[in-house]
Amino acid sequence: MSKLNASSQVQLVSQAMGHALVQAARLPQVQTEREFTLTLPDGRVLSWYEYGDPNGRPVLTLDNLGAAVPDHTFFDGWYREKGLRMIMIVRPGYGISTYKKNFEFRDFADDILALCQHLKIQRPPMAAYCGGGPYALCAAATHPEIFERLGILASTVPIEHFELDKLDRLHKMFLQLFRRDPRLFVLMGRLGLRGVQHAPEKYFAKLAKSLCQHDQDVLGNPDLLSRLIKCMRRSHFQGAKILIDEYLRLQFPWKVDLGDITIPVIHWHGEDDRIISIGSARGLASEIPGVKFRSFAGMGRFMIYAVWEDFLSELLELPAATENG
C-alpha cells in the first residue's frame, strides 16, 4: 500500500487493476450483470456493460452523476425489440474502471475512442444522461470524428449557466458550502455519502421532498428506487470519492469550446427540474450549434424513465453527420 500510495484496500485493488494485475476481478454478490473490461494504453482499466441485442446497432451511453440511473435492464426488452446494442461506458472511479486523479471532462474522449477501436465500432451515436452530458459534449467538441450524432437528456451544465437560486435545498447547500470553503464541502460530502450508503431509502425520501411531483413519483416507486440503489452500490465499488470529484469538477470551466461541435445534437430537459433549472439548460443549448432543444412541462431530474425510449428513437432518426462533420 505504501509503494502504491494507497490509503485503503479498495484503492489498492483499483491501483492493481490499473496496472492490469487483476483483469479477472469480479464485484461482490450484488453484481448480476457482466462488467466487461479493457486495458487502456496507459495501463488503466476501462469497463462497460452491454444491453439489448448483442448483434444490433451499437449505441453508446453514459449515465448520471453517481452512476446509478437508469438501470438499463428496465429497457432491455425494448432494446432487443428495436435491434439496439446499448453500450454503457463506466467512467473512471466507478465500477471497476480505474480511478484517475485530476481527470477532467475533456479527458474522457480518449477513453471512448479506445473503446470504440477495441469494439471495432466507427462513429456510433451517443446518448448521455445527466452527469454523463459534460463528458459526451466535450468529446464531441474536441474529437469531431468520435460520434455521428449526440443526444443529451437532463444534462448538467457549465458553471457559468448554473442558477443557484433555483436549486433544490440539498444541492444549494452543497454549492454554498463549496463557495464558502471547498475543504468544508469535501468533509461534509464524505459524511453525507456515508449516510447515503448506510440508509439510501432515507436519503432519497429526503431529497424527493424538494423535487417536483414527477421526480417524487419516481423516487416513491419501489421498483425504480430499488433499481437506483442496486446500481449505486454496484457503481461505488471503489468508494464514493469519485462522486465528490464529479461534484467538484462541475464547479470549474470545462475548458472546451462547445461551439466546435459539428454533429447533429438533440437536447431534452424537464421544465420542472429543481437541480438543473430549465434556464440553465437553455443556457447550455445556446452554446451548441444547430441543437434541437425540447423542454417538457412537469418533468424533472428523473424524467429518463418516462421519455428514454422516445428520446432514443428521435436521436436515431436524426440525419447522421458525415465524416467531415
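# Rings, strands and buried residues

Guide: In this predicted model, Arg 294 lies over the face of Trp 268, at 4.6 Å from the ring centre.

Visitor: What makes Arg 294 count as a charge over the ring of Trp 268?

Guide: The cut-off for CZ of Arg is within 6 Å of the ring centre.

Visitor: Where does the charged end of Arg 234 sit?

Guide: Over the ring of Tyr 49, at 4.2 Å from the ring centre. That value is also within 6 Å, so the distance condition holds for Arg 234 and Tyr 49.

Visitor: Where in the chain are Phe 105 and Tyr 135?

Guide: Phe 105 is in the loop between E4 and helix H3 (108-119), and Tyr 135 is in helix H4 (residues 133-142). They are 30 residues apart, and the pair links distant parts of the chain. Both residues are buried.

Visitor: Which residues form the aromatic cluster that includes Tyr 305?

Guide: Phe 74, Phe 75, Trp 78, Tyr 79 and Tyr 305 form that cluster.

Visitor: What is the strand order of the eight-stranded sheet?

Guide: The order is E1-E2-E4-E3-E5-E6-E7-E8; the sheet is open and its pairing is mixed. Strand E1 (36-39) and strand E8 (292-296) each have a single partner strand, so they are the edges, and one side of each has no neighbour in the sheet. From one strand to the next, the twist averages 20°.

Visitor: How do you know that E3 and E4 pair, and in which sense?

Guide: Pairing requires at least two bridges. Strand E3 (residues 57-62) and strand E4 (residues 84-90) have five, in the parallel sense, so they pair. Arg 57 stands opposite Leu 84, and Val 59 has Met 86 as its bridge partner.

Visitor: What makes the pairing mixed?

Guide: E3 and E4 are parallel, whereas strand E2 (residues 45-52) and E4 run antiparallel, joined by six bridges. Trp 48 has Ile 89 of E4 as its bridge partner.

Visitor: Why is E4 described as largely enclosed?

Guide: Seven of its seven residues are buried, so the rest of the structure largely encloses E4. Leu 84, Met 86, Met 88 and Val 90 point one way, while Arg 85, Ile 87 and Ile 89 point the other way. In a regular strand the side chains alternate between the two faces of the sheet.

Visitor: Which strands does E5 pair with in the parallel sense?

Guide: E3, over three bridges, and E6, over four bridges. Thr 61 stands opposite Ala 127 in E5, and Ala 128 has Ile 152 of E6 as its bridge partner. In strand E5 (residues 126-129), Met 126 and Ala 128 point one way, Ala 127 and Tyr 129 the other way, and all are buried.

Visitor: Which elements make right-handed β-α-β units?

Guide: One unit is made of E3, helix H2 (residues 76-81) and E4. E5, H4 and E6 make another right-handed unit.

Visitor: What makes the backbone of Ala 67 and Ala 154 worth a note?

Guide: Neither is a glycine, and each has a positive phi: about 55° for Ala 67 and near 50° for Ala 154. Ala 67 is in the loop between E3 and H2, and Ala 154 is in the loop between strand E6 (150-153) and helix H5 (169-180).

Visitor: Why are Ala 67 and Ala 154 called buried?

Guide: Buried means under 20% relative accessible area. Ala 67 has 4%, so it counts as buried. Ala 154 has 0%, so it counts as buried too.

Visitor: What makes the bond between Val 69 and Pro 70 cis?

Guide: Its omega is about 0°. Pro 70 lies in the loop between E3 and H2.

Visitor: How many disulfides are there, and what is the cut-off?

Guide: The count is zero, with sulfur atoms required to be within 2.5 Å. Among the cysteines, Cys 116 has 6% relative accessibility and Cys 212 has 1%; both values are under 20%, so both residues are buried.

Terms used: Residues are numbered from 1 along each chain as its sequence is written. This is a predicted model: local features need pLDDT of at least 70, side-chain atom pairs count only at pLDDT 80 or more; totals for chains, interfaces and linings use all residues. Side-chain values use heavy atoms; hydrogens and water are left out. Helices (H or I, at least four residues) and strands (E, at least two) are DSSP runs, numbered from the N terminus. Axes are lines fitted to C-alpha atoms, for helices over the stretch in contact, and angles run from 0 to 180 degrees between N-to-C directions. Buried means under 20% relative accessible area, exposed over 50%, partly exposed in between (1.4 Å probe, protein chains only). A crossover is right-handed if, with the strands pointing away from the viewer, the path from the first strand over the helix to the second runs clockwise. Rings of Phe, Tyr and Trp (its six-membered ring) pair if their centres lie within 6.5 Å; planes under 30 degrees apart count as stacked, over 60 as edge-to-face and the rest as tilted. A charge sits over a ring if NZ of Lys or CZ of Arg is within 6 Å of the ring centre and within 35 degrees of the ring normal.
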